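Hi everyone, thanks for coming. Have a look at the sequence and the structure on the screen, and then I'll walk you through a few parts.

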Amino acid sequence: MEYIETDNGYSIVEEYNASISRKFVFMGVLVVALFLVVCVACTIGSRSIDVLSIPGILWNHILGVTYPAGSVGWWDDYIVWDVRLPRILGAMVAGASLAICGAAVQSLMNNPIADPYTMGISSGACFGAVLAIIVGFSFGNTVGTFGITLNAFIFGMIPVAVVLMLSRVMRMSPVTLILVGVAISQFFGSITTLVSVGADEETLQGAYLWQVGSLNNFVWDDLTLMTILLVMGSIALYVVSWKFNVISLGDDNAKALGVDAEKFRLISMAVLAVMTMSVVAYTGIIGFVGIIAPHVVRYVIGSDNKFVIPASILAGALLLLCADTVSRLFIAESIPVGAMMAFIGGPVFIYLVIRKNSMFKGAY
Amino acid sequence: MRFPSLVGRADREGDPRVLYFKGIAFKRRFILIVGIIAVMAGILSFSVGTYHIDFVETYRIIWDYLATGPDGTVNERIVWELRVPRGIMAIFVGGGLAAAGCVMQSMLRNPLADPYTTGVSSGAGLGASMAIVLGVSILPLGDTVSVISNAFLMSLIPAAIILAISSMKRITSTSMILVGIGVMYVFSAITQMLKLIATPTQMEELYRWQLGSLSECTLGEAFLVGVVVVLCVSALYRYKNHLNLLSIGDDPSLTMGVNPWRTRVVCLVIVSFMTAVVVSFTGTIGFVGLVAPQMVRTFIGSDNRYLLPASMMFGAAFLVACDVMSRMIGVGGIPVGVVTAIIGSPIFLYLLVKRSRKPTI
């Protein structure tokens, strides 16, 4: 094997190693970029703090350095750590979760326009949230932010429950799975509309803001669940990432290689649903990142899910953080972060697709 | 077409050729029956509305109008200016969207594809919001038609972009979808930003437009849409065999002598034009284009020779039925786009579970 030469005059092993190291370099670049953007993002706000001092402030806080209350150092520490960082980390965790779920769903469904919301999670959650906002109904009798979050979480699980129940009575091929998701999400979407017809303007505005997603008012407590689920979920997905590669060969081939595609798809779906829900419940429905980030990753490092899955985490975090930072930098926070991301990222993405047209043939 | 060897033993159940011809006969019957249902439903829809006009009276009015011309009574104006245009519009909009969805799914090989996949709806949405929020009219035709003309022009832009790209290189079906998605996101982002500066009244109007409605159309508009839909679907029907090959794959269709890139672009242009016309008059009516073809697939399978006309008939019948229901429920009427999904999704789910034939694309 070692002596087989490729077109470029290298041995196959050399070529393989080069392609592997390219993937690691890409991820390394993403990590560095992420760190830089975090530092820049920490400086944005009414109190001006020097970019170069940000790493020091963060590091000192982690070490547990305390400042006398009211001093310059204390204020800097408070603003960076308690005001700006939760939102920054929130953007990163949300972006990462959505992107990894997008990469996994696209592989599982073998469909380039599948995203974490394809199963109907978003419309279920949306219905729950709108129900809490407009009708005032919520589980646990708590209206307000917590009631909305809880409602979104519970209703977002309904589509997944339906899919799992139906899988007992019928074979779930990728196409059937997608179509069941379509039916459920259309249904929830329309009853959401039905509920919103006749609501007064102010509640409608609240419901609309929830539907386009937002990262405003993030506090540390919101991060806990999202982060735990992201870490657990991505470890689980990374461990079985080879199965995603096998599944992309088709269900029959997967079976021949010892992977029960149908069962694996359903279990993964449940895991992805919980991860997605944890994000959606806190942020609302942020589009674009879940569908686009995995494609950008595949464009650079190919379709091997062992690398696509970890790289999607980084790319998604970077994409959403950049969009959020830009929208904070320029024009207040009134522009939904999803719209900002699509406005900037859309043209870039179109350019990428055109450049690498031949790559997009359907290997997921 | 008949194989000589079949003569005299057509009753042999196990013969695959017998089964084949039986299958074809079933598909033809399906198209015919659904077509008849669509026309009947359209005609029956003339007699439904909040203002009560007697069932027989409605058709007497229509007959009188056709025989002797207008006589200017209130009932006549209600029937001719509100109900007849709406019924005709529903038939052609439903048929056009479902046929367009069927073609998109076959040629892009994607069950999630619908007439709006390449960005037609978001382009139209941007055009409409420009007219409603900013008061800008791209064509100097006056304010009354500015929403329609803006929506129409803007909805052609995504297709134009894909057309421009495909003239430079051979664009794969996945790239086509992804470019469409990209354009869609950009356009809806701009629309969202416009919504930020909209007054509540404008928001309301835009929201209604985006849900889609059949209530405000004239007879002339209905006939215009009808002519466009019929012409475009007949043009698409000429590509039925090409579409069958495309739905297998690019390489197989090349082997069979069909240029997949060219076919895709031609079909895309026709579909986009038809969808643009429909959307600019009615707003974005969802669900029909995506789900009607899939429902039909559970009955007659994915052969585009039958699927395309059957989808058209089914979409027409479905939208008329939903429109009738949306008129009967509630005082102001529920938007038809909402009714389609509320009624259609459970039916679709039922078909998916119960029918042994699953949609394949």
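**A walk through two chains**

The expected span here is 1.5 Å times one less than the number of residues. Helices, by the way, are DSSP runs (H or I, at least four residues; strands are E, at least two), numbered from the N terminus.

Before going further, some housekeeping. This is a predicted model, where local features need pLDDT of at least 70, side-chain atom pairs count only at pLDDT 80 or more, and totals for chains, interfaces and linings use all residues. Residues are numbered from 1 along each chain as its sequence is written, while chains are lettered from A and ligands numbered from 1 in the order in which they are written.

How confident is the predictor? pLDDT is its confidence in each residue, from 0 to 100. Chain A has an average of 86, with 93% of the residues scoring at least 70. For chain B the mean is 88, and 95% of its residues reach 70 or more. Within chain A, confidence is lowest in helix 7, at a mean of 79, and highest in helix 8 (residues 220-239), at 93. In chain B, the lowest is helix 7 (residues 200-211), at a mean of 85, and the highest is helix 8 (residues 219-237), at 96. The model as a whole scores ipTM 0.88 and pTM 0.90.

Back to helix 4 of chain B. Is this helix mostly covered or mostly open? Mostly covered: 13 of its 15 residues are buried. Buried means that 20 or more other C-beta atoms lie within 10 Å of a residue's own; exposed means 12 or fewer, partly exposed is in between, and the C-beta atoms are placed from the backbone. Just after this helix comes Gly135(B), with a positive phi of about 70°.

Now the loop before it. Arg109(B) sits between helix 3 and helix 4 (120-134) of chain B. Its phi is also positive, near 50°, and this residue is not a glycine. Arg109(B) has 18 other C-beta atoms within 10 Å, so it is partly exposed.

Next, a helix pair. Helix 3 (residues 74-108) and helix 12 (residues 288-300) of chain B pack at about 70°, with their axes 7 Å apart. Those axes are lines fitted to C-alpha atoms, for helices over the stretch in contact, and angles run from 0 to 180 degrees between N-to-C directions. That makes helix 3 of chain B roughly perpendicular to helix 12 of chain B. The cut-offs are under 35 degrees for roughly parallel, over 145 for roughly antiparallel, 65 to 115 for roughly perpendicular, and oblique for the rest.

Who meets whom? On the helix 3 side of chain B, the residues include Gly94(B), Leu97(B) and Gln105(B), and on the helix 12 side they include Val288(B), Leu290(B) and Pro293(B). Contact means that two C-beta atoms, placed from the backbone, lie within 7 Å. The residues of this contact divide into 8 nonpolar, 4 polar and no charged. Here Ala, Val, Leu, Ile, Met, Phe, Trp, Tyr, Cys and Pro count as nonpolar, Asp, Glu, Lys and Arg as charged, and the others, Gly among them, as polar.

Phe287(B) lies in the loop between helix 11 (260-282) and helix 12 of chain B. Phe287(B) has a positive phi of about 75° without being a glycine, and with 31 C-beta neighbours inside 10 Å it counts as buried.

On to chain A. The 32 residues of helix 1 (residues 12-43) should span 46 Å at 1.5 Å a residue, and the end C-alpha atoms are 47 Å apart, which agrees. Which residues of helix 1 of chain A are buried? They are Val38(A), Ala41(A) and Cys42(A). Their cover includes helix 2 (53-63), helix 3 (72-109) and helix 13 (305-329) of chain A. After helix 1 of chain A comes Gly45(A), with a positive phi near 155°.

Finally, where the chains meet: 42 residues of chain A are in contact with 43 residues of chain B. Helix 6 of chain A gives the most to chain A's side, with 14 residues. By class, that side has 28 nonpolar, 12 polar and 2 charged residues.

Key: pLDDT = per-residue confidence, 0-100.
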